[in-house]
Amino acid sequence: MAQVVLENIDKIYPNGFHAVKNASFTIEDKEFCVLLGPSGCGKTTTLRMIAGLEEISKGTLKIDGKVVNDVEPKDRDIAFVFQNYALYPHMTVYDNMAFGLKLRKFPKEEIDQRVKNAAKILDIAHLLDRKPKQLSGGQRQRVAVGRAIVRDPKVFLFDEPLSNLDAKLRVQMRSELKKLHHRLDATIVYVTHDQVEAMTMADKIVIMKDGVIQQIGSPYDVYFKPKNKFVAGFIGTPPMNFLEAKVVKGDGGLWISAEDLKVKIPKEFEEKLESYIDKDIIFGIRPENIHDKSIYKGEHTNDVVKGKVDVAEPLGSETLLHVTLGGQYLVAKVDPTTTAREGTEVELILEMETMHVFDKETELAVI
Amino acid sequence: MKRFVFGLIAILLVVSSVFAASNDLEIFSWWTGGGEEEGLLALFAKFNQYYPNINIINAAVAGGAGTNAKAVLKTRMLGGNPPDSFQVHAGMELTDTYVIPGLMEPLTNYLKEWGVYDKFPKDVMKIVSYQGEVYSIPVNVHRGNVVFYNKKIFKKLGLTKEPTTWAEFFAAMKKAQEAGYIPLALGDKNKWTLTHLFENIMLSMFGPEDYKGLFDGKVSFNSPEMELSLVLLERLIPYFNRDHSALTWQDAGRLVFEGKALFNVMGDWEEGYFKTLGWKPGEDFGWFAVPGTSDAFMFISDTFGLPKNAPHRENALKWLKFIATKEAQDIFNPIKGSIPARIDADKSKYDVYLTWSMNDFATVAVVPSIIHGSAAPEGFVTSLNDTLNRFLVKKNISNALRDIMWAAEDQGYLTE
Amino acid sequence: MSVQKNKSRMGFIIILPSLILIGIFVYYFIFWTIRTSFSNWNSFSSLLRGVYKYVGFRNYERIFMDPRFQTDLWNTLFFTLFFILGSVGLGLFLANLIDKGIKGSRFFQNLFLFPMAISFVVTGTVWSWIFAPGNFPNDPQGLNLLFKKLGLEKLQWMWYTSSESIGHFNLALIAVIIAAVWQMSGYIMAMYLAGLKAIPEEILEAARVDGANERYIFWKIKMPLLKPITLSAMIVLGHVSLKIFDLIYAMTGSGPNNVTDVPAIYMFELTFRSNKYAMGSAISVIMLLMVAVIIIPYLYSSLRRGVSS
């Protein structure tokens, strides 16, 4: 198994499109790394450059300490699982999985053993004689994965492998892939636009936008310590609330202030916000950190806002309240026992310890 | 729907009345271009001067040597829908196909009634007759046994006398070959030109009487002359242009015209072809009868006959009477570049070559051409084409002889 | 229910005219040809009299014993073989070249496809000029003239007027095969191009990652996936070549010693030149059977495929 290192990698297509800009990060041995971002952000291009399916315009790519920029895909010892599986339609499942091994001149017995072993792991042993078109989507997915694991490569590359599956199957495959990762002890690079997949599976998440890496970190990091407004808004459902506000100095410290909004900033953040006093900032708070005052049991002070409920969406385990707050909107994920209804006024408590502040110009996180 | 049906009936009535009641004359031919068409139209014009009320329908079908026209005609005859009169090569092409099955009316009595029966050579009347009855009237005559040559090359080679024997012919060809010329141009892509050459060799080997006898059941095909003909053909092969099987007869004629080849054996339509290329007969090109055949005239003739159940029989008879006249024949032939079938034509209307041909026509034996449909049925012609086509490559005389015997047997000719 | 019934009756009425016409002009004529091939109608007068005399397989026996027809069968075999190999090979090669996206591929695609729009008669005439040997070496024509200008006199040859052969393969056919391949390979290229474009890029990438080089991908991935197209191409070419008439008739005729003769030309000459209708019909029936041998399995398999999907 191996480490993958990207150093200042650029991808510029012949038509001038700059798909990946100066990407640098390291995927450690046995790490499950997810490249996450909206479509067109350059994540798949990055993955394909690691595979050798796209030429690297600038920069250096190392696998296992060796520069592989000019190495053919077949010589990089990687396996690639495609979004639409890319099974060879004219071959049986067995032959699909054995194809790479045959090409590498493995002995017949070993091929047989590896294929059967992988088929057992993936629970497709009974499908080995079928052709791809006789399989369901989930089964094809497993074959595609099987084709990768029989090879026992240094690095597995997954390109949105679950996006063609229905929701239920996706959840199931998600956990299976995670289990497989532990079982194989493999280095995996996994591309997705689904932040839930990223959060649930990744050891490390690389978030990209417009070809630029926004943040690299653990799921914990990107959720709790987003580096900028984009990451903060991309991770989490529903997304973080952003309110335009000002930092003002007042009664016993610093306050976040906007129309219908005046909440106290916890002491530990004050130092970082000194320079923003009386300036416009973006105030961010996640819906799950907002509570209905009428049923909230914890202690709190100076953190209540009052707004009008536009829409109430009961989801069972919680209820989403869309609240108007002086011309701005706020979504709160509150306990389902709430009595707030559309058109009524509601008092909400903001957990200010979880607050975020972003510079209005640079959109970088201040807190 | 009702209106549609009535409309249809109305159209049918109009159309059928036009066809049935009108004073028409439908003439079927394959003369659709060049001097042939011009000559035909000149005939029509003259005919209409005599019979202004007859509306001539020119049912001409294009296609080289009438191949398409013949197929159309067969279909019409099979379907019981004959034209009033149609063009056909003299002899077996008419006899075998239409006379024997009983589709034609004999014309002997009419010819006698019009007083023209003895205006045609006896040999000609024989060729157009079956069991003593004449079935078609020849309007023009072409000669098949002619060698055309390039006079400039002839002179350059120091030749002065036109060959009359094969020995002289071979000597001349040898001279031409040594000087880098093609001695004898041939273009047998369409096969028939080779048979055309061969029937002239046969004529020279058998002589006119025995040659005719082959088809009368008087002379056997299994004669030494047959083998001699093949031997002579084989001796000619080295003198052909090597690309002969890629060429047509016009291409071969062009080789002579362009000064690349000395001789070409072809029917005298080649004379017309040379003239259209701008050559003057007797100045730029000369001609002589194929060696050993100066006492014979290989007869190729277009004729018109009278099918039974012709829709406008009276008009057809008027047409036949007209084309048998000296006037009609002298209108048509100078334009087409052929000579009249009548021996009393006006020689002043014809050029130097045609005059030569007319003189011979009146004096020497007239014999029917195989390849041009006068002597033998089409089935025999195709077999002979095939045999010679093979022979030219294989040069196997005994096989070729055997194949010719089989083809002759098929037609009931003597092969004893 | 009654709407359904009306609909199907309406449909039947609409196709009835074409059913009748096909019935008469295709199947009845085939039947009539077969019937004729067992008759003694080998002259115009016997046909005209219309008295049918059954002669069994006599016409077939005569045809098969005829050396010209034997040559025709060999010619058809070799022509078909090399014509299909050449068209498929060249078509595939061009399709791959264009699929790789060389500069101006769109232009070349149309250029190669263009010959298909020309009739075989025109192709035959033009190529008969190109391959006309002339009286080389002194007075060559066409290609031989080009060779002379290039100082390559050694390459001058008789082309389609050659009567040489290797075994039963008449070398004169080479020129005809080249002309036929020229005409049809663009069409085959278009078929393959459509097939290649339909192969998902991911499958090829998967193979590349799996360790296959381009040649291996071509033979083990692309070719198997193009198999239905290869089959269709062979059917199209096969029935063209078994029935070929116009190209050869215009280009070479039968050639010396029938080196470029084919059954269709012989059939035409027997039927329409020699009035041997029964023997001509026998050749037609043999040709029909030859075409049926390749078409019927294809129809069968495509019908079955249609039912199963």
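Two residues are in contact if their C-beta atoms, placed from the backbone, lie within 7 Å. Keep that in mind as you click around.

What you have open is a predicted model, where local features need pLDDT of at least 70, side-chain atom pairs count only at pLDDT 80 or more, and totals for chains, interfaces and linings use all residues. Residues are numbered from 1 along each chain as its sequence is written, while chains are lettered from A and ligands numbered from 1 in the order in which they are written.

**Select chain A.** Its C-alpha atoms fill a box of roughly 80 × 45 × 35 Å along the principal axes. Switch to cartoon view for 9 helices and 20 strands (DSSP runs numbered from the N terminus: H or I, at least four residues, for helices; E, at least two, for strands).

**Colour 4-234 and 241-359 of chain A.** These are domain 1 and domain 2, with bounds from an automatic or database domain assignment. The C-alpha centres of the two domains in chain A lie 40 Å apart. Where they touch, 4 residues of domain 1 are in contact with 5 residues of domain 2. The domain 1 side has 1 nonpolar, 2 polar and 1 charged residue (nonpolar: Ala, Val, Leu, Ile, Met, Phe, Trp, Tyr, Cys and Pro; charged: Asp, Glu, Lys and Arg; polar: the others, Gly among them).

The contact takes 17 residues from chain A and 13 residues from chain C. On chain A, pick strand 6 (78-81) and helix 2 (93-103), as each supplies at least two residues of the side touching chain C. By class, that side of chain A holds 12 nonpolar, 3 polar and 2 charged residues.
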